[in-house]
Amino acid sequence: ANLVDANLSGASLTRANLVRARLSGSTLAHADLGLANLAFASLTRADLAHANLSRANLARATLVDVNLSGTNLAHANLAGVTSSGITGTPSALPAGWRLVNGRLVHK
């Protein structure tokens, strides 16, 4: 799916299949992406503030220059995620993960 620069603020995308989706520059603030499959998705410059990504599959996704302020990432799959330049502090991260200098790091 090509959703570059899309405004999906507040959208309900629970369980959506967005594998390899291009969401660069998109606004997903307050969106519900719980259990969504975002494997290999490009989320560069996306606004994910206060979004629900609990139990989402973000394996090998690109999270560069994204806003994660208040984002719920509890139990999300972050295996192989590429991240840098992250702003804001997520409200929850998966066990064993933390935000260090704008990067998601597995302990």
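1. A nonpolar core is here a set of buried Ala, Val, Leu, Ile, Met, Phe, Trp, Tyr and Cys residues joined through side-chain atoms within 4.5 Å, where buried means under 20% relative accessible area, exposed means over 50% and partly exposed lies in between, with a 1.4 Å probe and protein chains only. The model is predicted, so that local features need pLDDT of at least 70 and side-chain atom pairs count only at pLDDT 80 or more, while totals for chains, interfaces and linings use all residues. Residues are numbered from 1 along each chain as its sequence is written, and side-chain values use heavy atoms, with hydrogens and water left out.

2. The largest nonpolar core has 30 residues, of which Leu38, Leu43, Leu48 and Leu58 touch the most other members. Leu58, counting contact as heavy atoms within 4.5 Å and leaving out residues up to four places away in sequence, touches Leu38, Leu43, Leu73, Ala76, Asn77, Leu78, Ala79 and Val81.

3. Thr44 belongs to the segment before strand E1 (62–64), a strand being a DSSP run of E of at least two residues, numbered from the N terminus. Thr44 is buried, at a relative accessible area of 17%, and its contacts, again without residues up to four places away in sequence, are Leu23, Ser24, Gly25, Thr62 and Val64.

4. Arg20, which is not a glycine, has a positive phi near 60 degrees and is exposed, with a relative accessible area of 56%. Leu35, also not a glycine, has a positive phi of about 65 degrees and is partly exposed, at 37% relative accessible area. Most residues other than glycine have a negative phi.

Note on methods. Helix = DSSP H or I, 4+ residues; strand = E, 2+ residues; numbered from the N terminus.
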